[in-house]
Amino acid sequence: MTEETPGFEEKPDVPSGATPDGAEPKDAPSPSKEEEAAPAGDTVETVGLTAQLDQVRTALDERTGDLQRLQAEYQNYRRRVERDRATVKEIATANLLSEILPVLDDIGRARDHGELVGGFKSVAESLETVVAKLGLQEFGKEGEPFDPTIHEALMHSYAPDVTETTCVAILQPGYRIGDRTIRPARVAVAEPQPGAAPAAAKEEKATDEESGGTEEV
């Protein structure tokens, strides 16, 4: 039989920190000054980050504009280089072909006299094929109007059957590469007879006279 100590009442164990029954709860601790200032600090930090983001965007826009300008300048530079390269190539080709023109003239004269035969004919035709592949074009025909930009008049005469200054003979054909004239066509030209009516006007007048002179029966 257990003996109880007089004067002491047995109480249940209470966990540490717990509020005993009947005891008034203690007030919660008041927030510190740092905790009260926390929301204001977050706002300031957000504003700072936004300002930094705006600066980064501005810098990005500037760099993008610089890159676009650089690309445009590079494209213009590349086009200039390609154009200059094509011009240099054309000039070099024209200089080379200019040295071959006397040979082509000899071939043309031999053809006109029926002397372009045998092996000489094969060589001549091969040479003409090569220069044609390089872009060499022959021009100049009898009967075409005289153009001082592409024709060189070596002989001059008057003719009653022309209405304008006309190439009546091709003494040497002209040659060009693209729009570049290597050598003008050397021609003989004829002008209308001074004071003479053009041939077309004469024919028209003669036709009118014949029509007017015919009597109706």
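**Exercise 1. Is L134 buried, partly exposed or exposed, and what is its relative accessible area?**

*Ground rules.* The model is predicted: local features need pLDDT of at least 70, side-chain atom pairs count only at pLDDT 80 or more, and totals for chains, interfaces and linings use all residues. Residues are numbered from 1 along each chain as its sequence is written, and side-chain values use heavy atoms, with hydrogens and water left out.

*Solution.* 
- Step 1: Recall the classes. Buried means under 20% relative accessible area, exposed over 50%, and partly exposed in between (1.4 Å probe, protein chains only).
- Step 2: Read the value. L134 has a relative accessible area of 41%, so L134 is partly exposed.
- Step 3: L134 lies in the loop between α2 (118-133) and β1. Helices (H or I, at least four residues) and strands (E, at least two) are DSSP runs, numbered from the N terminus.

**Exercise 2. Describe the order and pairing of the sheet that contains β1.**

*Solution.* 
- Step 1: List the strands. This open sheet of three strands has the order β1-β4-β5.
- Step 2: Check the pairing. It is antiparallel. Two strands pair if DSSP finds at least two bridges between them.
- Step 3: Find the edges. β1 (136-139) and β5 (180-183) each pair on one side only.
- Step 4: Look at one pair. Four bridges join β1 to β4 (residues 174-177). Within that pairing, Q137 has R176 in β4 as its bridge partner.

**Exercise 3. Describe the order and pairing of the sheet that contains β2.**

*Solution.* 
- Step 1: List the strands. The order is β2-β6-β3, again in an open sheet of three strands.
- Step 2: Check the pairing. Here it is mixed.
- Step 3: Find the edges. They are β2 (151-159) and β3 (166-172).
- Step 4: Look at one pair. β3 and β6 (residues 185-192) run antiparallel and are joined by five bridges. T166 has A190 in β6 as its bridge partner.

**Exercise 4. Summarise the whole protein chain.**

*Solution.* 
- Step 1: Count the elements. There are three helices and six strands.
- Step 2: Read them in sequence. The pattern is α-α-β-β-β-β-β-β-α.
- Step 3: Check burial. Of the 217 residues, 15% count as buried.
- Step 4: Check the contacts (heavy atoms within 4.5 Å). Among contacts with a separation of 6 or more, 66% come from residues 24 or more positions apart.
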